[in-house]
Amino acid sequence: MTDENIIISKGLEGIYIADTTLCKIDGANGKLWYRGYPIEVLADKSSYEEVAFLLLYGHLPKKEELKVFTQRLISERDVPDSIADIIRNFTGRTHPNDILRTCVSAISAFDTDMADRSSDANMDRAIKLTAKMPTIVAMIGRYRQGKPFINPSRTLSHSSNFLYMLTGVEPDKESAKLIDLMFILHAEHGSNASTFSTLVTGSTLADVYAAVVAGISTLRGPLHGGADEAALNMMRAIGEPDNTETYIEDALAGKQRIMGFGHRVYKAYDPRAKIVYNYLKSFMQKTTDPKIEKLLEIAIRAEKLMEEKLSKTKGIWPNIDFFSGPLYTAMGIPSELFTPVFACSRVVGWTAHLFEYWENNRLFRPLDHYTGQLDIKYVPIEQR
Ligand code: CMC
């Protein structure tokens with residue numbers, strides 16, 4: 001191919017990398033399906049355990065299948081003692097997502113047969129990571145607050161157990177539904193940046209742990225999974241609801257990005273954001289905490305202004321990360337844990353994609369277009 005014919009697709013925009021039966025995003029119309037089921041239906045009727053099973057095994061579980069799968073997750077909630085030591089060895093400066101990444105890497109040391117790459121062994125690893133990551137994140141959260149770790153419950157659901165291990169309080173019915181909803185909505189989302197890096201790592205036939213660590217690392221940035229933390233920081237910087245419009249207008253005039261808005265694929269309202277927004281509006285009527293009330297009002301006013309300024313004109317709509325922060329805050333989750341919580345949910349999407357890709361694996365090896373000079377004369381160091 002001559003240089004003139006080279007087409008560079010920055011950010012791989014518009015490039016398809018694989019066939020999949022996991023997830024369909026209709027970006028133009030703001031629709032999303034997991035394994036063919038509309039996200040609204042799963043959000044309303046399902047549980048995270050059921051959705052995790054659906055993503056990993058390809059079908060909704062029968063009662064007995066769900067019972068076995070749920071028990072399996074419960075039995076894997078504990079983490080080795082050395083994970084606690086790793087968490088204690090980090091300073092408060094380290095971001096929890098970076099600590100999670102290190103702990104997941106360390107979990108691989110407890111795999112008794114890394115050479116076994118059978119589908120069953122890999123599924124086992126995915127289930128173990130899904131079960132253990134919330135325990136690790138809750139431990140990180142507790143340690144940062146100077147509080148003792150809490151052992152996992154054997155009776156609470158996957159997501160409720162996470163809140164319990166983090167806050168020490170069993171969530172009420174409403175918080176339990178909300179955290180489960182957030183876990184469901186974050187579980188899968190096509191070939192987003194972190195899933196893609198999971199696949200790139202997996203395509204070298206590196207192991208499940210390595211691929212998940214790549215996913216966790218990629219999730220961290222504010223253009224991807226870090227956007228919810230960044231959006232909440234912005235809401236905190238706005239401070240008072242009456243400052244919202246001026247703050248956003250100044251930010252846009254200064255060409256700043258408003259975190260939690262915009263998406264490479266959605267050019268309509270992100271359906272996950274719509275679900276969370278509706279929830280947020282009803283939550284606002286019930287909350288009695290003035291701090292949460294303020295955050296919710298700022299989020300709602302910012303959404304309204306952005307709709308006038310950018311959504312209708314430039315197709316930059318809110319994504320799920322814009323509304324997550326105030327709700328997580330209401331549930332007692334500190335902002336620096338938002339991205340690791342996202343990882344706890346997305347691990348099933350990452351691993352399900354990995355297993356699907358491995359069925360027909362091919363090494364990712366794209367090209368870059370060299371624009372530098374060639375055959376430059378080498379000058380010895382003494383003469384440079
Ligand atoms: N605020 C203001 N302007 C924006 C925003 C935003 N949040 N997002 C995009 N734009 C503008 C951007 O400045 C550019 O304008 P212009 O054409 O005048 O230079 C135009 O829209 C296209 O931007 P882009 O960066 O080329 O678009 P992209 O498809 O590469 O960006 C994105 C996608 C998510 C990185 C971007 O919208 C963004 O930075 N959003 C804020 C971060 C965020 O919320 N990320 C979470 C995404 S959803 C969760 C997930 O799946 O990870």
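At 15% relative accessibility, D98 counts as buried (buried is under 20% relative accessible area, exposed over 50%, partly exposed in between, with a 1.4 Å probe and protein chains only). The model is predicted, so I kept to its limits: local features need pLDDT of at least 70, side-chain atom pairs count only at pLDDT 80 or more, and totals for chains, interfaces and linings use all residues. Residues are numbered from 1 along each chain as its sequence is written, and side-chain values use heavy atoms, with hydrogens and water left out.

Next, the partner of D98. I found a salt bridge between the side chains of D98 and R220, at 3.1 Å from N to O (a salt bridge is a side-chain nitrogen of Lys or Arg within 4 Å of a carboxyl oxygen of Asp or Glu). D98 lies in helix α5 (residues 96-107) and R220 in the loop between α10 (208-219) and α11 (227-238), so the pair ties together parts 122 residues apart in sequence. Helices here are DSSP runs (H or I, at least four residues; strands are E, at least two), numbered from the N terminus. R220 is partly exposed at 32% relative accessibility.

I then checked E336. E336 forms a salt bridge with R144, and their closest N and O atoms are 3.4 Å apart. E336 sits in the loop between α15 (320-330) and α16 (338-358), R144 in helix α6 (residues 119-144), so this pair ties together parts 192 residues apart in sequence. R144 has a relative accessible area of 32% and is partly exposed.

A further pair is K286 with E174, whose side chains meet in a salt bridge at 2.8 Å, N to O. K286 is in helix α13 (residues 271-286) and E174 in helix α8 (residues 173-185), 112 residues apart. E174 is partly exposed at 30%.

I also noted a network of salt bridges linking R72, E76, D124, K128 and K132. The count by this rule is 20 salt bridges.

Last, the ligand. Which residues come nearest to the ligand? Of the 18 around it, they are H224, I258, G260, F261 and R264 (near means a heavy atom within 4 Å). I listed ligand oxygen atoms against side-chain N or O atoms: 2.8 Å for R257, 3.0 Å for K314 and 2.9 Å for N319. The protein covers 70% of the 930 Å² of accessible area that the ligand has on its own (Shrake-Rupley method, 1.4 Å probe).

Conventions
Polar contact = N/O pair within 3.5 Å; in protein donor to acceptor, adjacent residues only side chain to side chain.
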